[in-house]
Every structure is written in C-alpha cells, then in structure tokens.
Amino acid sequence: MGTTENPTNEAPKPQPSTYVTTAEWIAKMKLTFGNAMLPEIFEIMKTVGYTEEKINEMISKLTHLEDLQQAQTKEYAEQYAETEKFDAKHAEIDAVFTKDRGLLKIFFKGIVHAQSILKLDEAKPKAFIAWQDMATNFYAQLEAAPELLSKSATIGITSESVTAQKQALKDLQVLKESQRKETAEAQAATDARDRAFDELYPLYSEYIQYAKVLLADNQTLEAIGVKVKAK
C-alpha cells in the first residue's frame, strides 16, 4: 500500500496560533468600548439597550481589569526576580557542596562511619527539599564531629568554609520563602485578573455579536475592532 506524498515536496505550512492573551483582549476591548459612543455606532446600538450608562459600566469594568492586569504583570516580574536570585544562590552553594562531597568520598573511602553520617554513599537528590536536607546534614555533621572536620581540613574543607556553607544554606532558605511568597502573590493577582476578565468578556462578546447583526457590512464595524469582509 503506497504512502501519500506532498506533490510539491514542500513541508506543510504551520497554522497560525489562535491563542489570544489577556493583554490582547484588553486592547481589543479598549478599541471597542472607546469607540462605542461614536454617533454612527451609538445610535444604532442604543436600540438594543446599549445606553451611555451601560457602556460606561463596561468601560469601568475594563479599567478595573486593566489595573489588575498591570498588577499581575508587576507581581510576576517580582516573582521572576526572586526566582533568579534563588537559582543563582542555589547553584553557588551546590557547586561547593558537590566539590566537598566529591573530595570526601575519596578521602573517607572505606571509612563506613564517615560515609554513612555524611551520606556519601547516597546519590545527590535533584528535588530541592531532599537536596537541602542532604546539604544541611553534610555540613552539620562535619561541624558536630571535630575529628572528621580536622581531617577534612587537610584537603581544604575547613571550619570556616563549613560555617560559610551553613550560613549560605540559611540565606538560601530565606530566599526560598521569599520566592514562595512572591509566587503566591503572583497567583493571587492572576486569579483576581481572571475573575474580572470572566465577568467582562461575556458582556464584550455580546456587544460584538449585536454589532455584527445591526451593523452588518457597515464599515463602521472596523471602529470597534470587527473586520469587514471586502465585497
């Protein structure tokens, strides 16, 4: 059984995305409601109940939605900033932790007690909480065992470097909490924005539907963001 081939030997063209962002919807609504009071539009739309008061109510809702959109953008920018700081600190600590573990795996090879309490015989976790637990335990155990720390100092893992890593892990936890806070605030801002959008969009959509009927083939539709097909 033969296969179907493209007779032109050309790859099919990708279809354009139909996704419209909230910011794009807001821009569409601003155009629509901004021109809704034009006499040639208003007088006709008023016949189906779109009074000046009703249009102003929709404009007020749009202004509220735009404010929430700006707040959401701000909150996500703050979340991204905190995430970048957290990721950079995490990578910095992990680089030292990975080096220290690598050195001690060699140095304490065959010493079961050291291998066990420092968890040198376990794979380094990828999940943050498990990684944090392992790193915290690693430096806490070294600090709590003067003999191990004294031996580790001979290959550059000193009391000072252990203390520095312990403090860095505490600082990282603070950054993590800040990141979680910003993430929660960004999500709350998104939820508020989405609720306002869900309230306004049906009103906007209905207005456009009425306009397409009442102003069918009328070039004034362009003024409220509806494309008119060329005849």
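How are α5 and α6 oriented to each other? Their axes cross at roughly 105 degrees and come within 5 Å, so α5 and α6 are roughly perpendicular to each other. This is a predicted model, in which local features need pLDDT of at least 70, side-chain atom pairs count only at pLDDT 80 or more, and totals for chains, interfaces and linings use all residues. Residues are numbered from 1 along each chain as its sequence is written, and side-chain values use heavy atoms, with hydrogens and water left out.

**Terms for helices and angles**

- Helices (H or I, at least four residues) and strands (E, at least two) are DSSP runs, numbered from the N terminus.
- Axes are lines fitted to C-alpha atoms, for helices over the stretch in contact, and angles run from 0 to 180 degrees between N-to-C directions.
- Angles under 35 degrees count as roughly parallel, over 145 as roughly antiparallel, 65 to 115 as roughly perpendicular, and the rest as oblique.

**α5 against α6**

- On the α5 side, L142, E143 and A144 make the contact (heavy atoms within 4.5 Å); they meet P146, L148, L149 and S152 in α6.
- By class, this contact of α5 with α6 has five nonpolar, one polar and one charged residues.
- For these classes, Ala, Val, Leu, Ile, Met, Phe, Trp, Tyr, Cys and Pro count as nonpolar, Asp, Glu, Lys and Arg as charged, and the others, Gly among them, as polar.

**The two faces of α6**

- Helix α6 spans residues 146-153, and L148, L149 and S152 in this helix are buried.
- Seen down the axis of α6, these buried residues fall within an arc of 95 degrees, so they line one face of the helix.
- That arc is taken from the directions from the helix axis to the C-beta atoms.
- P146 and E147 are exposed, and sit on the face of α6 turned away from its buried side.
- Buried means under 20% relative accessible area, exposed over 50%, and partly exposed in between (1.4 Å probe, protein chains only).
- The buried residues of α6 pack against α3 (52-107), α4 (112-117), α5 (128-144) and α7 (159-214).

**α3 against α5**

- The axes of α3 and α5 cross at roughly 50 degrees and come within 11 Å.
- α3 and α5 are therefore oblique to each other.
- Their crossing is left-handed, a term for a near helix turned anticlockwise from the far one by less than a right angle, with right-handed used if clockwise.
- From α3, the contact residues are F86, H90, I93, D94, V96, F97, D100, R101 and L104; from α5 they are F128, W131, M134, A135, F138, Y139 and L142.
- By class, the contact of α3 with α5 has 12 nonpolar, one polar and three charged residues.

**α3 against α7**

- The axes of α3 and α7 come within 7 Å, with a crossing angle of roughly 155 degrees.
- α3 and α7 are therefore roughly antiparallel to each other.
- α3 passes α7 in a left-handed crossing.
- The contact of α3 with α7 divides into 22 nonpolar, 12 polar and 12 charged residues.

- T32 lies in helix α1 (residues 22-34).
- T32 counts as buried, at 0% relative accessibility.
- Apart from neighbours within four places in sequence, T32 is in contact with Y204, Y207, I208 and I224.
- R193 is found in helix α7, and counts as buried at 9% relative accessibility.
- R193 is in contact with T22, L65, L68, Q69 and Q72, leaving aside neighbours within four places in sequence.
- R193 and Q72 are 121 residues apart along the chain, yet their C-alpha atoms are separated by 7.2 Å.

**The loop between α4 and α5**

- E122 lies in this loop, and is partly exposed with a relative accessible area of 38%.
- E122 touches R101 and M134, not counting residues up to four places away in sequence.
- E122 and Q165 are 20 Å apart in space, C-alpha to C-alpha, and 43 residues apart in sequence.
- K119 also has its place in the loop between α4 and α5, and counts as partly exposed at 28% relative accessibility.

**Positive phi values**

- Most residues other than glycine have a negative phi.
- K119 is not a glycine, although its phi is positive, at about 55 degrees.
- D217, a residue other than glycine, has a positive phi near 60 degrees.
- D217 is in the segment after α7, and counts as exposed at 58% relative accessibility.
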